[in-house]
Structures are given as C-alpha cells and as structure tokens.
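Work through the exercises below with the sequence and the 3D view at hand. Each task is followed by a solution in steps.

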Amino acid sequence: MSKTNKNKQVVESAVSKRANEDSSKKSATDTRFKSLKYYAIGLSLIVIVSVFVLNAIFDGLFSKSLTFDLSGTAQNTISSVTQNYLDSLPAETEIRIVGLMDKPESLAGTPYEYIVPLLDDYAFKSNGKVTVEYINPKTYPTIIAQLDPDSSSQISDGMYVIKCGDRITTLIPSSCFTYDQNVMAQYGYYLPTSNVVESSFTNAIVAVTTDMSNKAYFITGLQEDPHTSFSNILSSLFIESVDLPVSDSFAIPEDCDLLILSGPNVDIPTNVADALISFLSNGGKLIVSTDFYYNSAEHFNNLNRVLNSMNLNIDYSLISENDPSYSLVDGGFEFLGTVTSDYASLVSSPTLRVSYARPVRQIDSTLPNIVVTPLIYSTQNASLSTVVDEQLTSGSVTGQFNIAMKAVNGSAGTVYVFGTNNFTSDVYISTYGFNDANVELTREVVRGMLNVNSSIIVDSKTFADYSINDNLSTGSGVSVLATVFLIVIPFGFVVTAAVVYKKRKNL
Amino acid sequence: MLAIFKREFSMYFKTASGYIAFAIFAFLSGYIFVSQYASGKVNIASEITNLRSFFVVLIPIVTMGLFSEDKKRGTEVLYYTTPTNIASVVIGKFLSAMALFGIMFINVLVQMFITVCSGGVIDAGTMGAIVVYFFLTALFVALGLFASAVTDSQIIAAIFSFLIILLIQLTSTISALISSTFNSFLSAKVFNIDPEKLSEFCSNVEKFINWFDPLSKTKDFRYGVFSISPLFYCACIAGLFLFLTYQVLEKKRWTQS
Amino acid sequence: MIEINNLVKRYGNTRAVNGISFTVNDGEVLGFLGPNGAGKSTTMNIITGYLSSTSGSVLVDGHDILEDPVAAKKNIGYLPELPPLYFDMTVREYLNFVCDLKKVPSSERKAQINKILSMVHITDYADRLIGNLSKGYKQRVGMAQAMVGDPKILILDEPTVGLDPTQIQEIRKLIRALAQNHTIIFSSHILSEVQEVCDRVVIINNGKVAAVQPISDLSKKLSGYTRLLLSFSGPIKDVSNALRSIPGITSVTERVSNVDIHEVEISIDSSTDVRSSIFYTMVRGNWPILELRSLDPTLEELFLSITSGKQGGK
C-alpha cells in the first residue's frame with residue numbers, strides 16, 4: 001500500500017505544481033479541462049489504491065475459507081489432523097521451521113516440490129504459530145549456533161530445524177518420502193513411493209510442542225533392520241523412541257513403557273535375554289519381529305528362551321504359501337496372511353502382506369496364567385522349508401501356521417511376536433507408506449499395549465502418477481506425435497500465414 | 001464493442017499475425033508435450049505452467065499493435081468521432097486478443113485428449129493450471145493493451161509489455177534477492193540487529209513483495225489447490241489495466257498537448 | 001445545426017484556436033478558409049469530438065459534443081486531413097467496419113455501402129486492399145467512410161489536398177451533390193475552391209475568425225481588387241514609365257525579364273478599367289503585347305484586404 005501512496009503523492013505534487021503555473025498564466029475560462037484532468041487522475045489513483053486495498057481485505061477475509069484442495073491427494077495442503085493440532089496449540093506458541101539452505105526456487109522434480117509449498121501452507125494456516133524461514137549457514141554461519149546453543153542436536157546444511165522454545169528437532173528432506181526398498185536393494189536408486197512430508201513435519205512439531213506420554217526403547221546392535229518409519233509411527237502416538245544398544249551392562253531403563261526388538265539378524269546375548277525375561281515377568285511390554293531372509297542361519301535360541309517364558313516360540317523354518325489365491329510370488333514366500341477375527345475389525349483389509357515369515361508357535365508348557373492369541377495365520381496348504389547344508393529344503397509337512405501371536409502373562413506382561421518384518425521394518429513400511437493395512441495393525445497393537453487414546457496420525461500421500469502406457473512412450477507413436485506437433489501443425493500455420501499474406505497483399 | 005472485436009479478431013487471420021502466433025504457440029506446446037510423452041510421463045499442468053513463461057514473447061506479439069497502430073495511422077479518429085464508447089473499444093480489443101489465446105489453446109486440448117487416450121491422467125491440477133492460465137492471460141493481455149495505448153510505436157509497446165511481463169515473472173526471484181541483500185547488508189556487526197528479528201524482517205519484505213505477484217499467488221493451482229482470492233486478484237489487476245487503458249484514451253478529452 | 005461558441009484550444013502556451021465562434025445553418029455548405037496552421041484542422045477536430053476544447057462549447061444539432069458525445073457524433077460524418085484508413089483491409093471490409101461503428105442496421109448495410117461506393121466512384125475497387133489504392137482513391141474511401149450512416153452533417157478537412165486536377169473536380173462535384181441534403185463544413189486553403197462550392201465562408205487566421213461572409217460578399221470584395229499581368233517585348237524602363245503615367249495604375253513591378261521579353265505586374269487602385277489605355281499605350285510605343293490577363297488574388301492578399309480594409313496589393 002505504501003508504494004501506491006507514495007506514487008500518489010508524487011503525482012499529486014506534480015499536478016498541483018502544474019496547476020499553479022497554469023492558473024497564474026491563463027484566464028479563468030479554461031477550468032473545464034483541469035477539472036476533467038483532476039477527475040481522471042484522481043479516479044485512476046482511487047481505483048488503483050482501492051484495487052489493492054480490496055484485494056488485501058479479500059485476501060485477509062476469504063483466502064482460507066475460499067481455498068479448496070481438489071487434488072486427489074492434497075499434496076500441498078495440510079490435513080485436518082495437522083490443522084486441528086495446530087489449532088489446539090496455545091496462541092502464543094512460536095514454532096520456527098528453519099531450512100538451512102537458500103530457499104529452493106525451481107521446485108519441479110525435486111523433493112522441495114512437495115516440501116516448500118506444504119510448509120508455506122503450515123505458515124499460512126497456523127495463525128502465526130508456525131514461521132518458515134530459509135537461512136543458508138554458508139551465508140550466515142552463526143545460525144546453527146543460534147538455533148542450537150548447546151549443540152544438543154547434530155545440525156548441518158540442508159536440514160530443516162523445527163524449534164519451539166528450547167526444544168529442537170531436525171528433518172532431512174529426503175526422509176520426508178518413503179522409497180521402494182526393493183528397487184533400492186535391487187537397482188540401487190531411490191524410487192519415492194509416497195509423500196510423508198506432512199506426517200514428518202507434523203510429528204516433528206508434535207515432538208517439540210507436546211510432552212510425549214510414553215517412551216519406547218529399540219534394542220539395537222543386532223544388525224537389525226532400520227526402524228525410522230516405526231519411530232515415526234510411534235511419535236504419531238506420542239511415544240518417544242530411544243535406542244538401547246546391547247552391551248555387557250545391558251539394563252532396561254525404569255521409564256521403558258515399550259521394548260522393541262525389530263528385525264534382529266543375530267540372536268540376542270544371554271544377559272539381554274535374562275533382562276527381557278524379568279522385564280516381562282514384571283509386566284513389561286515387548287514387541288518382537290524377525291524373519292527368515294538375511295538371517296537364515298540364525299536359530300534365535302536366546303530369543304526363544306525369552307519367548308518360551310511366554311509360551312511362544314519362533315521356529316527355524318520358512319513358510320511358503322501353496323494356495324495360489326494367497327501366494328504373491330512363485331514359491332509362496334510372499335503371501336497374504338489372514339487376520340484373526342479378534343483383530344480383523346482393527347484393519348482395513350482381512351488379509352495382510354507377509355514375506356519370508358518364520359512360523360510362530362504356542363509351545364506346550366505348564367506355565368500358568370498365560371493367554372496366547374494368534375493374530376495372523378496362513379492357509380491350510382502352507383508348507384515349511386529349512387536350510388540343510390546351506391540349501392533351502394522344503395519339508396513335507398503342510399498345514400496352517402501362525403505368523404504373529406500375542407501372549408499375556410499373569411502380571412500383564414505382554415509380548416507380540418511377528419515372524420515377519422512386514423509390520424515393523426523400514427524395508428516394508430517405507431515401500432508401502434503409512435496408510436498400509438500392515439501399518440494399521442502395528443499402530444493398533446501399540447495402541448492396545450500402551451492404552452494410547454490420543455494420536456496425531458497424518459496419512460502418507462501417494463504421488464500423482466502421470467505415466468502413460470509404457471509401450472506408447474517408446475513406440476513409433478512418439479515420432480508420429482513429434483511430426484504432427486512439431487512440424488505439421490506449426491509449419492501448417494506458417495504456410496497458412498504466408499498464403500493469406502500473399503493473397504491479400506495483391507488484392 | 002462487437003464491431004471492434006470483429007475487426008481485430010478477423011484481422012489476426014487476415015494479416016497472418018494470428019497464424020504466426022499460433023505457429024509459435026503450437027511449436028512450443030508441442031515441443032513440451034512431445035518431450036514429456038517420450039519420457040513416459042505427461043503432466044499437462046506442468047506443460048501449461050511452462051508455456052506461461054513464453055507469455056513474455058506471445059503477449060507482446062498479440063497486443064503490441066492493438067492501439068499503437070491506430071494512433072500511428074490516425075484510425076483512432078474513428079473511435080472518437082463515431083457514436084462509439086471508448087470503453088467498448090477497449091473491451092472489444094481485449095476480448096479479441098483473449099479469443100485468439102483461447103483458440104491457440106485448442107492445441108493443448110488436443111494434447112490432453114491424446115494424453116487420456118494414452119492412459120495418462122488429467123487431474124484437478126491440470127484443471128487448476130488451465131484456470132490460472134486464462135486468468136493470467138487476461139492479466140497480461142490487459143497489460144499489453146495498456147502498453148499499446150500509451151505509445152504510437154508497436155516496437156515500444158512490445159518492449160514495454162515484454163519488460164513488465166518479464167518483471168512480473170521474475171518477481172519471486174527478485175523478492176528473494178532483495179530480501180537476501182537486506183539480510184546480508186543489515187547483518188553486518190555495525191548495525192547490531194538481532195539476527196532473528198532481521199531474518200523475520202527480511203522474510204516479511206519478501207512476503208510483501210510476493211503479495212503483489214500473481215504467479216506466486218496462483219502457484220498452488222497446478223497441484224489442484226483452487227483458491228478464489230488469487231483469481232479475484234488477477235481479475236482485478238486485469239480490470240485495472242483495462243481501466244487505465246480507458247483513461248489513457250480518454251485523456252484526449254482533457255490533455256492540452 | 002452547429003453552434004460554435006468562443007472555442008479556445010491551447011497547446012502548451014500557444015493558442016491554436018483562440019475564441020472562435022460561428023454558426024452553421026441547416027443545409028448550407030460552409031467553407032472554412034485559412035492558410036496552413038490557421039487552426040482549421042484543430043477546430044474541425046474539436047467539432048467532431050476528436051479533440052476537446054480548452055474552453056468554449058460546440059453544439060451539434062442541440063447536443064453538446066462534450067456532454068452528450070454519442071448523440072452529437074451520430075449526426076457527424078468526418079473526413080480528417082489524414083483519412084482514418086486501415087491499409088490492411090479491403091474497401092468493403094473497411095466500410096462494413098465503419099457501419100458497425102456507426103451502428104448502421106445490418107438490413108440497410110449492403111444497400112448503403114453500394115450506394116456510397118457508386119457515389120464516390122469506387123465500386124470497381126470495393127474488394128481491393130486500401131493500402132494498394134492511389135492517393136485519390138484513398139481520399140474517396142475516406143469520403144465514403146464519412147458518408148456511412150448517412151449523417152446530417154459532413155465535416156471534410158481539406159478533401160482535395162494532394163489530388164490531381166481531375167480528382168479535385170470529381171470531389172468538388174461530389175460535395176455539390178451531397179450539399180443537396182447535407183450540411184457540410186469544408187475546409188480549404190484554396191480560395192477558388194471555396195468560391196466554387198460554398199454558400200458561406202468562415203475565414204480564420206491565427207486561430208481567430210477573420211471574417212464570416214456569404215460567398216457573394218466575398219466575390220464583391222475580390223472583384224474590387226485587381227492586378228494585371230502584362231508581358232511584352234520592348235525596353236523595360238520605357239514601358240514602365242509609360243505605364244505609370246496612365247491614371248489608375250498605382251505601381252508597376254517587374255516580374256520576369258528575358259533579353260527582350262518582360263513581364264510586369266500592374267496594380268490598379270480603383271475599379272477603373274485600364275486595359276484599353278494599356279493597349280493604346282503599348283501600340284503607341286510599338287511594343288507588342290504578348291499577354292495581358294488579370295491575376296487571382298492570393299489568400300494572403302485576401303486576408304490583408306479583409307483585415308486592413310485596404311484594397312490592392314504590395
């Protein structure tokens with residue numbers, strides 16, 4: 001506004017100056033043109049100013065209410081979950097999101113295509129609670145020290161820092177997407193499968209603004225699968241994730257609400273097994289998952305000692321599903337497991353994807369007061385294979401096997417055992433995103449164990465897929481299109497132009 | 001209004017300039033489309049958004065002569081001395097240029113049809129990009145019309161509208177530049193300004209400048225996020241330039257030179 | 001039909017039009033006479049609404065051109081000094097466009113255009129590109145444009161300038177034909193043209209009305225003003241002296257001299273006919289007369305005569 005006002009002053013002073021000169025020289029008769037002139041200039045200025053004022057008002061009043069995200073996945077709009085959370089924060093909350101980079105300009109084709117606009121939306125819809133800045137530490141080296149005076153986080157270039165008061169957390173842009181881990185493993189490049197920018201940032205905001213109600217420890221140091229996605233899921237349930245490495249002095253902290261053994265590829269040491277047994281007998285909660293893939297030589301004897309104390313066992317064999325309507329690959333190592341009726345209502349699909357699963361079995365035992373419930377099972381036609389002399393050998397036994405089971409003891413100690421990593425590992429979750437039915441089950445399991453009622457669950461967003469049929473983009477169709485659109489049509493217009501011009505020129 | 005529209009519109013086709021504009025547009029859009037098609041992914045929204053950057057050339061071609069030629073040839077006398085309202089002259093010329101852009105766009109519609117036939121997707125983002133395309137076209141055509149009305153030289157009109165459209169298209173870059181210049185200048189120790197406040201100030205400066213930028217206001221449409229107020233803004237600015245064009249022409253009534 | 005009242009038009013500090021007032025009666029052909037730069041075109045531009053006046057008013061058929069421009073302009077067909085032609089249109093396209101502008105009903109359009117085309121004799125050129133026509137034909141298209149919509153008033157700014165004599169005759173004939181049912185204002189800097197075509201003449205000079213007179217008065221004024229051109233063979237000094245002695249001759253100015261053929265301009269201060277005296281004087285001196293004719297007064301001289309009240313020239 002000040003800009004236009006300034007213009008106005010300049011013009012007005014020029015006008016009045018000219019008017020003074022005029023009036024001193026001219027007779028009184030020529031006032032009409034002057035009034036027309038003032039009217040025209042005045043009106044123009046009023047219109048210019050009022051256009052901008054009107055738009056500022058309109059923008060202020062309606063920009064939010066008259067914005068409609070009609071895209072299928074609402075990539076660049078915060079969801080109602082985030083919106084409600086932001087609204088629930090006190091008005092004086094100040095959340096700074098600082099991108100440690102120059103503001104990305106050309107977004108198309110980069111991760112920022114989904115990050116920058118969405119962050120703008122956070123800032124836009126938070127009523128000033130969220131501010132988004134881009135500060136390049138190369139230009140302002142002091143910024144990192146400013147953001148994190150006591151160097152509690154490892155902050156470096158290219159990260160986003162989310163800060164509220166003294167609490168600080170970071171995100172790297174590439175972690176805001178899930179990737180196809182199979183493609184990664186096979187071809188070595190990142191193929192994004194879904195957009196979890198909102199989920200990541202909202203979780204980060206939750207982490208710096210809300211006290212986590214629970215604490216989960218991941219036992220690490222067992223060549224286990226990565227669990228970043230699982231941590232994200234936990235934080236959306238207000239559960240803080242902490243790593244707990246195995247060691248000779250391994251001890252389970254007092255504040256441990258949930259212990260997770262996610263996809264270990266080597267067995268746990270004896271001291272850890274002992275600690276776990278006493279943890280469970282004192283009412284502790286444990287989630288165990290493993291499979292039969294990178295660890296096909298591992299029998300997990302120590303782990304089974306822990307599970308046996310809960311009447312469960314993970315067997316040393318690999319399930320193959322022989323029912324063709326459930327099997328997903330040749331050999332049946334990936335298949336659809338059926339959810340038991342106890343849990344079916346909690347997930348959106350009656351069958352869940354299972355791969356390279358070990359069977360989970362209830363053992364005969366005289367231990368009292370232990371209730372064992374199956375979660376996921378195969379069909380009657382499944383068979384088991386084992387490794388004999390480093391060769392995978394299929395057994396002759398066919399039957400129904402459990403892939404996941406739950407056991408609760410007398411002191412309310414609970415263990416969930418998954419014979420597959422498809423419910424806990426990044427390898428699976430990152431490939432299929434947070435909206436997957438498997439993730440729903442994981443979430444419900446955690447919820448049930450810790451009695452979590454509140455949660456901030458932001459769905460991952462699938463990308464818009466603009467692919468056309470593969471064979472068309474490589475076939476001769478492209479040359480036809482190129483000929484038509486690059487030569488025939490433009491050239492046709494040029495020729496028409498020449499013909500028309502020539503024809504009329506000589507009329 | 002209809003008289004002016006009919007003449008201007010038909011002259012685009014009788015003087016071949018319309019066909020030249022068609023040829024340029026068809027080639028550019030065809031190039032983007034075919035290269036997208038060959039890559040296996042066709043996003044019409046991004047094609048349309050890319051096409052907008054050629055406004056800088058297309059708009060001057062279409063609008064440069066609309067009023068400047070009349071002034072040069074003296075044919076503007078007709079508008080002033082026949083029982084015609086100057087406002088209807090402005091609107092007639094504006095609509096003729098808009099109609100030309102509308103017809104040009106048929107090329108993209110054909111491409112959309114091909115995309116759908118090839119199993120591609122036309123989504124809300126595409127529709128958003130189309131809506132924005134026409135609102136921005138209206139804005140820039142009005143601007144070009146204004147440029148054409150202030151001079152009697154087609155070349156000057158073309159350069160004038162070229163520069164302004166370029167400026168508008170670079171606004172977000174310029175605003176970032178201004179903001180970072182401010183930041184680096186004021187962050188010198190001499191000024192002793194709290195860096196947090198400074199960065200807030202700079203981002204506000206950037207936001208303020210970008211508020212005027214029709215492109216950054218409408219950038220979310222291509223992702224399927226529709227919003228009324230940016231469209232209202234574009235329409236208002238287009239209307240404003242038409243109004244100013246009208247005032248420039250009406251100036252004859254009071255000008256003394 | 002048209003009332004012009006104290007019209008002033010300023011360009012910066014100069015006044016191109018400085019207090020012009022006159023009236024044009026219904027059905028008359030008004031000549032608008034003045035040298036180049038006298039303010040003719042400016043005045044016409046103001047009357048037609050192309051320019052606005054600094055002060056003063058123009059009423060066209062009772063409508064003020066500034067306050068009620070649409071109603072006023074309906075009555076006017078205007079041919080400016082530079083005809084407003086689109087060179088890239090054909091004549092017919094162009095006239096159709098003008099019909100659109102003047103809101104000629106589409107039912108009458110075709111007939112009207114054909115009538116106008118034949119009136120200005122360009123029917124054969126109707127489908128030619130205006131840019132390809134010669135100057136004379138362009139001028140006719142300009143005339144045609146002014147006639148579209150059959151306005152009551154035609155305002156023609158120097159319609160004959162730059163045309164060859166045949167074309168000038170045609171345009172004059174056309175104006176005379178149009179005069180039967182139109183009010184016409186017609187500007188020119190050629191006196192004879194105005195005399196030939198107009199009923200009344202407004203003479204302006206330096207932005208002011210120098211005279212408003214019926215054409216007959218002008219002729220009277222002009223007839224009292226005489227100059228003769230004499231060319232002869234003989235000694236220039238003797239002849240000059242002999243001529244100066246004739247009563248009624250005020251001055252003899254030598255204009256062209258060859259070895260023995262001379263041309264002199266003779267000014268006469270009264271309406272006495274001195275031609276026979278000149279003849280006898282020349283016969284007596286045995287100087288053969290090669291040519292003797294009266295000279296048309298120039299516009300400049302006319303102004304001088306009007307403004308100074310004197311008759312006679314240099």
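**Exercise 1: The contact between two chains**

Task: State how many salt bridges are counted between chain A and chain B, and name the partners.

Solution. The count between chain A and chain B is 1 salt bridge. Keep in mind that the model is a predicted one. The partners are Asp59(A) and Lys217(B), with 3.7 Å between their closest N and O atoms. This distance passes the test because a salt bridge needs the nitrogen and the carboxyl oxygen within 4 Å.

**Exercise 2: The extent of the interface**

Task: Describe how much of chain A and chain B takes part in the interface.

Solution. Begin with the residues: 58 of chain A are in contact with 65 of chain B. Next take the area, where about 5,600 Å² is buried between the two chains. Carbon and sulfur atoms give 68% of that area. Then look at the chain A side: Tyr466(A), Ile468(A) and Phe485(A) lose the most area to chain B, together 14% of what that side buries.

**Exercise 3: Domains of chain A**

Task: Find how far apart the C-alpha centres of domain 3 and domain 4 of chain A lie.

Solution. The domain assignment gives domain 3 as 213-316 + 340-379 + 400-459 and domain 4 as 475-505. Their C-alpha centres lie 66 Å apart.

Note on methods: Residues numbered from 1 in each chain as written. Chains lettered and ligands numbered in written order. Predicted model: local features only at pLDDT ≥ 70, side-chain atom pairs only at ≥ 80, totals over all residues. Heavy atoms only, no water. Domains from an automatic or database assignment. Contact = heavy atoms within 4.5 Å. Buried area = accessible area lost by both parts, 1.4 Å probe. Salt bridge = Lys/Arg side-chain N within 4 Å of Asp/Glu carboxyl O.
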